Amino acid sequence: MSRRILPLAALTAATALTLTACGGEPAEPDDIKGAGASASAGGGDGAEEQDGGRPDLKLPGDVELAFESTPPSDSGHAAALTDAENYIRALAHGIVAQDPEDKAYQFYSEGSAAQYAKEQIQQWVDGEWTATGKDRYYRAETADVGKSKGVLVTMCRNQADYFGKNVKTGKVERTEESLKSYQKFSLLMRPAKSAGEHWVVQQIEVQGEVQECKG
């Protein structure tokens, strides 16, 4: 199996928000790698709820998502960034749970962003792969989107130490770090319509081989 096993979802036109800060060419699919304790390969139950109705995003000991950016001073932007990170955690949660219907990503996304998460997880399940290793996210920035309540969150990713592991054999697919290890995420956020104070991802774009994220 190639380490870059997931397809990139292109950012579609927003219905209520106008997103002009995203763009660029289609990126390569996501990468992976690692070792250590076996990630859960069982699906079914999905994410358990924490206090306040938020899903539990706990991951196996051999999976680490490191978010290394400083929270914005604006409280709304800080909340949007936090839940953009939670969406990414939810994606990883669905992968290790082997559950394309995982409640975690559904809580933190809607529309095309929810579909993107489901498709990503499904491909891991179909390939009989789970995740292991350390996945780094950094250089996060936030910006208001037009006159709406939307916030655009962007961040870099280095997946050089994040790998795929076969759920049956435990074999880890390792590759060397390269420009393909670096991606840029752009996530269009808005306050959730449901009860409770959290943000959801409406749309996501992932650009691959991003030189500016290297170093």
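These entries cover a pair of helices and then some salt bridges.

**Entry 1: what I am looking at**

I noted at the start that this is a predicted model.

**Entry 2: two helices side by side**

I reminded myself that two packed helices are described by the angle between their axes and the distance between the axes. I looked up helix H1, residues 75-97, and helix H3, residues 111-127. Their axes come within 9 Å and cross at roughly 30°. Angles under 35 degrees count as roughly parallel, so I wrote down H1 and H3 as roughly parallel to each other. The crossing of H1 past H3 is right-handed.

Which residues make the contact? From H1 I listed Tyr87, Leu91, Gly94 and Ile95. From H3 I listed Ala113, Tyr116, Ala117, Gln120, Ile121 and Trp124. Sorted by class, this contact of H1 with H3 has eight nonpolar residues, two polar ones and no charged ones.

**Entry 3: salt bridges**

Next I turned to charged side chains. Side chains of opposite charge can pair when their charged atoms come close. How many salt bridges are there? The count comes to eight, and I followed up some of them.

**Entry 4: Glu101 and Lys118**

The side chains of Glu101 and Lys118 form a salt bridge, at 2.9 Å from N to O. Glu101 lies in the loop between H1 and helix H2 (103-107), while Lys118 is in helix H3, so the pair ties together parts that are 17 residues apart in sequence.

**Entry 5: Glu128 and Lys168**

Here the closest N and O atoms of the salt bridge between Glu128 and Lys168 are 3.1 Å apart. I found Glu128 in the loop between H3 and strand S2 (129-144), and Lys168 in the loop between strand S4 (162-166) and strand S5 (172-173). The pair links distant parts of the chain, 40 residues apart. Glu128 is partly exposed, with a relative accessible area of 31%. Lys168 has 64% and is exposed, because the cut-off for exposed is over 50%.

**Entry 6: Lys184 and Glu212**

Lys184 sits in strand S6 (residues 182-191) and Glu212 in the segment after strand S7 (199-208). This pair links distant parts of the chain too, 28 residues apart.

Note on methods. Residues are numbered from 1 along each chain as its sequence is written. This is a predicted model: local features need pLDDT of at least 70, side-chain atom pairs count only at pLDDT 80 or more; totals for chains, interfaces and linings use all residues. Side-chain values use heavy atoms; hydrogens and water are left out. Axes are lines fitted to C-alpha atoms, for helices over the stretch in contact, and angles run from 0 to 180 degrees between N-to-C directions. Helices (H or I, at least four residues) and strands (E, at least two) are DSSP runs, numbered from the N terminus. Angles under 35 degrees count as roughly parallel, over 145 as roughly antiparallel, 65 to 115 as roughly perpendicular and the rest as oblique. A crossing is left-handed if the near helix is turned anticlockwise from the far one by less than a right angle, and right-handed if clockwise. Contact means heavy atoms within 4.5 Å. Ala, Val, Leu, Ile, Met, Phe, Trp, Tyr, Cys and Pro count as nonpolar, Asp, Glu, Lys and Arg as charged, and the others, Gly among them, as polar. A salt bridge is a side-chain nitrogen of Lys or Arg within 4 Å of a carboxyl oxygen of Asp or Glu. Buried means under 20% relative accessible area, exposed over 50%, partly exposed in between (1.4 Å probe, protein chains only).
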